[in-house]
Amino acid sequence: MLARLRTLYLILNLKTLGIVAIAIVSTYVCRELELAADFPMAVVLTAVVFPIVFSISAAYNRRETALAEYASMKAHGQAIFLAVRDWLDENDPATLDDARDVLRRLFEGTREMLMAPQDEVESREQRVYRDFSELSLFVRNNLRGKGLAVGEVSRANQYVSKMLVSFETIKHIYEYRTPVSLRTFSDFFLVILPILYGPYFAHLGKDYLFGLVYVPPVLFSLVLVTLDNIQEHLENPFDQVGEDDIRLEVEPYVNRLIA
């Protein structure tokens, strides 16, 4: 229940109250000044609903791609651990511990980079690249250095390469969001339309009781702002704010790497 209330708060926030207040004031002023007009609702669909829905779809697709690539990183990391455990003639517990430590540092660095502000990405990604370098050296020293066949070492190096490709994809999803100009366009009309449509709501509610006059502008604003808030929380799937964010749980992953 508390989780549902928290989710509701995320999409019904101070921004929602502000836009609702603008719509109510606009409707009240138009009724007092007897300004009424039957505007077409197509403007709303074109100026706000379509851009927001498009942005939600784009943000959701980015999230799903990031989720798939993060899963790929974890799967190939576990494949390297299994190679250390099962491909060598001798199972060395110390080598397995080293493999866990290298993977743990790599995924912790990735998590810290994705959860950091964008102005800190460059410094934090250097740590991740160093962790990838350590992983590559680990494969060379602990697989090839202990007599593993060249073909199998090459396969382990391919796992490292695929992890790096997945990391770069995730990093670019974090750095490049849905089009800024499109979101600015929808945000602008999100504020302007409740003002411009004051005469429409005044016209719509001319036969309503006084209190019911404000139901249409309130619902109008709630729907638009809620959609915009949903898009905003989907925009960054790594900030651990929205309920739909990707959970970057490193410790459970490392604990599953057992000898």
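A polar contact is a pair of N or O atoms within 3.5 Å, where one must be able to donate a hydrogen and the other to accept it. Keep that in mind as we walk through this model, which is a predicted one.

Let's start where helix H2 begins. There, a side-chain oxygen of Asn13 reaches to within 3.2 Å of the backbone nitrogen of Lys15. From here you can follow H2 along its 19 residues; from first C-alpha to last it reaches 27 Å, close to the 27 Å expected at 1.5 Å a residue. Which residues of H2 are buried? They are Thr16, Ile19, Val20, Ala23, Ser26, Thr27 and Cys30.

The side chain of Asn229 makes a polar contact with the side chain of Thr16, at 3.3 Å. Asn229 lies in helix H9. Is Asn229 buried or exposed? With a relative accessible area of 1%, Asn229 is buried, because anything under 20% counts that way. Now find Ile56: it is 173 residues from Asn229 along the chain, yet their C-alpha atoms are separated by 9.7 Å.

Back to H2, and on to what comes after it. H2 is followed by Glu34, which lies in the loop between H2 and H3. Glu34 has a positive phi, near 60°, although Glu34 is a residue other than glycine. Why point that out? Most residues other than glycine have a negative phi. Glu34 is also exposed, with a relative accessible area of 73%.

Next, the aromatic rings. The structure holds 13 aromatic pairs. Take Tyr70 and Phe107: their rings are 6.1 Å apart, centre to centre, with 80° between the planes, and the pair is edge-to-face. This pair links distant parts of the chain, with Tyr70 in helix H3 (residues 42–86) and Phe107 in helix H4 (residues 93–115), 37 residues apart. Both partners are tucked away from the surface: Tyr70 counts as buried at 5% relative accessibility, and Phe107 counts as buried at 0%.

For another pair, find Tyr200 and Phe201. Their ring centres are 5.6 Å apart and their planes are at 65°, so this pair is edge-to-face. Tyr200 counts as buried at 13% relative accessibility, and Phe201 is buried too, with a relative accessible area of 2%. These two also belong to a cluster, in which ring pairs link Phe39, Tyr197, Tyr200, Phe201 and Phe220.

Now step back along the chain to helix H7 (residues 180–196). H7 has 17 residues and reaches 24 Å from its first C-alpha to its last, close to the 24 Å expected at 1.5 Å a residue. Where is the kink in H7? A kink of about 25° lies at Leu190, shortly before the proline Pro194. Leu190 and Pro194 are buried in H7, as are Ser186 and Leu193. What covers the buried residues of H7 includes helix H2 (14–32), H3, helix H8 (198–204) and helix H9 (215–235).

Helix H6 (residues 150–175) is another one to trace. H6 has 26 residues and reaches 37 Å from its first C-alpha to its last, close to the 38 Å expected at 1.5 Å a residue. The buried residues of H6 include Val153, Tyr159, Met163, Phe167 and Tyr174. Among the elements covering the buried residues of H6 are H3, H4 and helix H5 (121–142).

Finally, let's visit Leu248, found in the loop between H9 and helix H10 (250–255). Despite its place in a loop, Leu248 is buried, with a relative accessible area of 5%. Which residues does Leu248 touch, not counting those up to four places away in sequence? They are Tyr70, Arg111, Leu114, Met115, Phe238 and Gln240. Leu248 and Leu67 are 181 residues apart in sequence and 9.8 Å apart in space, C-alpha to C-alpha.

Technical notes:
Residues are numbered from 1 along each chain as its sequence is written. This is a predicted model: local features need pLDDT of at least 70, side-chain atom pairs count only at pLDDT 80 or more; totals for chains, interfaces and linings use all residues. Side-chain values use heavy atoms; hydrogens and water are left out. Rings of Phe, Tyr and Trp (its six-membered ring) pair if their centres lie within 6.5 Å; planes under 30 degrees apart count as stacked, over 60 as edge-to-face and the rest as tilted. Helices (H or I, at least four residues) and strands (E, at least two) are DSSP runs, numbered from the N terminus. Buried means under 20% relative accessible area, exposed over 50%, partly exposed in between (1.4 Å probe, protein chains only). The expected span of a helix is 1.5 Å times one less than its number of residues. The bend at a residue is the angle between axes fitted to the seven residues ending there and the seven starting there. Contact means heavy atoms within 4.5 Å.
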